[in-house]
Structure formats: structure tokens, C-alpha cells
Amino acid sequence: MLRDLLLNLKMIMFGGKGGVGKTTCAASSAIWAAEHGRKTLIISTDPAHSLGDSLGMELPPGEPVPVRGVENLTALEINPQAKMAEIKKLTEVNPIGDLGMMGDMMQSMLDGMAGDTDEGVSLNPPGIDETLAFGKVLEFIETEHDYDLIIFDTAPTGHTLRLLGLPETLSSWIGKILKLRLKLGRIFGKFKKLFGGGDDQQDDSLEVLERMNNAIIDAREDLTNPNVNSFVIVMISEEMAIAETGRLLNQLIKYSIPNSNIVINQLYLDPSELCEFCKARRAMQQRNLKKIKSIFQDKLNKSLIEVPLFKDEIREYNMLKEFSKRLIN
Ligand SMILES: Nc1ncnc2c1ncn2[C@@H]1O[C@H](COP(=O)(O)OP(=O)(O)O)[C@@H](O)[C@H]1O
Ligand SMILES: [Mg+2]
């Protein structure tokens, strides 16, 4: 039950397609948990930010802000694509970068050496900024902080899945870089001296990478532990969403991310109040709901949470509270 997760876990992630209600579910759950005495941080990692809009407050990127009127609740929007200063430095620390012509020679040497460490090493693989940004979030989770619960409002499916796979990717990338740096350290040291380059920055960044690497390994353990983390899927009652949710579940299994709850949002509930058009929509939803129940509830043992479509947009405290009454019981 979502209630138990909110009262007991350290992390809960909400994910699913765009527009289904992830931010709404995450924000109303965060308010509920905070008001049940848990010191809660809600983090949006969705580049299409709407957490601030949902809570009715300004959220400057990267800056945790206490939610006014809700004790125990802090909100944070991060942009995983932003080049944070520290990250920029990391990806720029290329020991051959400042060696000019000599650099080309070293790169080919590097390529040669990469050959004998599994599938090769690029010092700056594509998507590394985003990867390191997520690494920073994982590092934060694993360091001392006084939040009881961290709720993630995640990006739509494809993006989130990539992020969930990152602990492995990131850790193996950092591992390779560290290995390579150790191997080449002395050679580069010599060249740098020869060409007048200092190695302070390199040493510093090695430490940063190492710390992040350790945090990621710890985070991996937390992300896969059902007593620590749970991923809540949010979906709507449509045929396409069923297939999509199936794929999402497969990915969660692949990365060993615990999942027990699926929210079916925006359901037309009471047929007596409905217009002809809405009755037709409801019939469509009910047909799909049957399928959803037989697949996800009966076969896969998931708890389904049915949430009605509200007349109004769900924004700000009062509506989010109303919403939480239907989401959490
Ligand atoms: N059950 C619901 N009833 C009415 N409006 C809803 C419901 N769930 C979500 N909404 C509205 O739908 C829009 C998208 O919801 P949001 O939570 O931002 O989706 P996501 O984060 O998945 O993109 C928002 O305007 C929100 O207020
Ligand atoms: Mg959202």
C-alpha cells in the first residue's frame, strides 16, 4: 500500500508517460508524508519541470526551497541536462587536453590502451553531463542529510529508464577513467612537467570522481532494496498505456528496482453524472481497466490505485490534499 511506503521507506519514485499525473501524485504524496511527520524532500528530475507550478511556488534550479505552509516539506528541481560547474570541470579534465599537438599522440596511445580494458574508453562519452548530474543526486542521497523520505518526480519513461540504468553505466565509466588515470598517471605527469602543465586540477577531480563512484555503489544498493525504495508507476486506462507500462515494468525488473503499486489516474468514475461523450470515454477506460487488472493485478500481483478524473486542475495545496485522499487510503 502506498500509505505504508510513504510512512516507512527512504525513497519513492513516481514515473510514467508525460501528462499522466506523475507530478501531481508525487506532490500530493509529499504533502501527505510531511503532514504525517516525515521530513520530506521532493526532487523533480524531469527536464519538463512542473513541480513548482504544481506546488504554486518558484523553484530556482538546483536550490532546495521549503514549501510554505507545509511543515517538514522541501522541494527541489534539478535540470539533469544543465552543465553544473563542478561537472563541467570533471568532463573537461582530460589529461591530454592542454598538451597541444602532443595530445593527438597521447589520444592514439589512449585508444590503444583502451583496447585492453574491455570495450574501450572515451574520456568524455556522450550524455556524460546528464549522467554526472544524476550521480550528484545519488551522492546527495547517500551523504548525511536529515530527510526521512525523498520523493522523486521523474522524467517520462524513456529518459527515466536511462537514468535508472545509470548507476551501472556511471560506475563502470568512472571505474574505467580511474583505472586509466592510474595507468597513465605517471606518463602524463612526466609530459605535463615537460610541457609546463600543473596537475592540481587532475588530482582534485580524481577525488571527486572517486567519491561519486562510492556513493553510486551505495545508492545502487538502496535503489534496489524494497525496504528503502519503491517505484510507483502512474498510468491512464488506455491500450497504449498498457503496453508502455509493460515495457516500464520490464526495465524495472532488469535494473532490480522494486515496484508494487500502479496508479491508474484520470478515471471517469460515476456514470450517472456523465455526458454522452464522457460515457463513451468511461466505457473505453473500463474495457482497458479489465485488461489492466488481469495483467498487472492478477498475474503480476501489483496493487492498483484507481484515482478519478477531477473536474478541476490539481494545483496547489488544497487540490493536492483533495487528490491525496483518493490516492492514499
Ligand atoms: N486525476 C486528475 N484529475 C484532473 N486533473 C488531473 C488529474 N491528474 C492530473 N491532472 C492534471 O493533469 C495535468 C498533468 O498532470 P501532471 O501531474 O503534471 O503530469 P505529469 O507529471 O505526468 O506530466 C496537470 O494539469 C494536472 O493538474
Ligand atoms: Mg511532471
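This note goes through a predicted model of a protein chain with a ligand, point by point.

1. Conventions. Residues are numbered from 1 along each chain as its sequence is written, while chains are lettered from A and ligands numbered from 1 in the order in which they are written. In this predicted model local features need pLDDT of at least 70, side-chain atom pairs count only at pLDDT 80 or more, totals for chains, interfaces and linings use all residues, and side-chain values use heavy atoms, with hydrogens and water left out.

2. Confidence. The protein chain has a mean pLDDT of 81, and 69% of its residues reach 70 or more; pLDDT is the predictor's confidence in each residue, from 0 to 100. Over residues 95–99 the pLDDT stays under 50, and the model has 14 contacts beyond four places in sequence for them; a contact means heavy atoms within 4.5 Å. Residues 114–119 are also below 50, with 7 contacts beyond near neighbours in sequence. Where pLDDT is low, the predicted coordinates should not be read in detail.

3. The chain as a whole. The secondary structure comes to 11 helices and 8 strands; these are DSSP runs, helices (H or I) of at least four residues and strands (E) of at least two, numbered from the N terminus. Of the 329 residues, 51% are buried, where buried means under 20% relative accessible area, exposed over 50%, and partly exposed in between (1.4 Å probe, protein chains only).

4. The shell around ligand 1. There are 18 residues around ligand 1, and Gly19, Lys22, Thr23, Thr24 and Phe310 come nearest; a residue is near if one of its heavy atoms lies within 4 Å. Helix α2 gives the largest share of the shell, 3 residues.

5. A backbone N or O atom of glycine 21 is 2.9 Å from an oxygen atom of ligand 1. Nitrogen atoms of the ligand are involved too: one lies 2.9 Å from a side-chain N or O atom of asparagine 265, and one lies 2.9 Å from a backbone N or O atom of proline 308. The protein buries 80% of the 560 Å² that ligand 1 exposes when taken alone, by the Shrake-Rupley method with a 1.4 Å probe.

6. Valine 67. This residue is in the loop between β3 (65–66) and β4 (73–77). Is valine 67 buried or exposed? Valine 67 is buried, with a relative accessible area of 8%. Beyond four places in sequence, valine 67 is in contact with Leu55, Met57, Leu73, Thr74 and Ala75.

Terms used: Polar contact = N/O pair within 3.5 Å; in protein donor to acceptor, adjacent residues only side chain to side chain.
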